[in-house]
Amino acid sequence: MLPWPARSPDLSPIEHLWGIIGRQLQRHPQPALTVPVLIDQVQQAWNSIPQTDIRHLYDTMDERLHACIQNSGGYTGY
């Protein structure tokens, strides 16, 4: 477990990935009405994220850390 500043979710790559998944689920033609369907839709959304997007989150971590420090742990725009 890593300590994150309380007001900087933009540092966490998984938060960005959850955002991508959430947007995909909102655009899904049939909303999930059961937990098994939701699990399936989340898995499909996760599998559809291009590896280049995940790599970009990793590669920009240094920039996000610097932006967070400059903004004293506040919103960075990422």
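This is a predicted model: local features need pLDDT of at least 70, side-chain atom pairs count only at pLDDT 80 or more; totals for chains, interfaces and linings use all residues.
Residues are numbered from 1 along each chain as its sequence is written, and side-chain values use heavy atoms, with hydrogens and water left out. Local features need pLDDT of at least 70 and side-chain atom pairs count only at pLDDT 80 or more, whereas totals for chains, interfaces and linings use all residues.

**View 1. The largest nonpolar core has six residues.** Leu-17, Ile-20, Ile-21, Ala-45, Ile-49 and Leu-57 make up this core, a set of buried Ala, Val, Leu, Ile, Met, Phe, Trp, Tyr and Cys residues joined through side-chain atoms within 4.5 Å. Buried means under 20% relative accessible area, exposed over 50%, and partly exposed in between (1.4 Å probe, protein chains only).

**View 2. Trp-46 lies in helix α2 (residues 35-48).** Helices are DSSP runs (H or I, at least four residues), numbered from the N terminus. Because its relative accessibility is 37%, Trp-46 counts as partly exposed. Leaving aside neighbours within four places in sequence, Trp-46 is in contact (heavy atoms within 4.5 Å) with Ile-14, Leu-17 and Ile-21. The C-alpha atoms of Trp-46 and Gln-24 are separated by 9.3 Å, with the two residues 22 apart along the chain.

**View 3. Thr-60 is in the loop between α3 (51-59) and α4 (61-70).** Thr-60 counts as buried because its relative accessibility is 7%, and its side chain reaches the backbone oxygen of Leu-57 at 3.3 Å. Not counting residues up to four places away in sequence, Leu-57 touches Pro-13, His-16, Leu-17 and Arg-64.

Key. Helices (H or I, at least four residues) and strands (E, at least two) are DSSP runs, numbered from the N terminus. A polar contact is a pair of N or O atoms within 3.5 Å; within protein, one must be able to donate a hydrogen and the other to accept it, and residues adjacent in sequence count only if both atoms are side-chain atoms.
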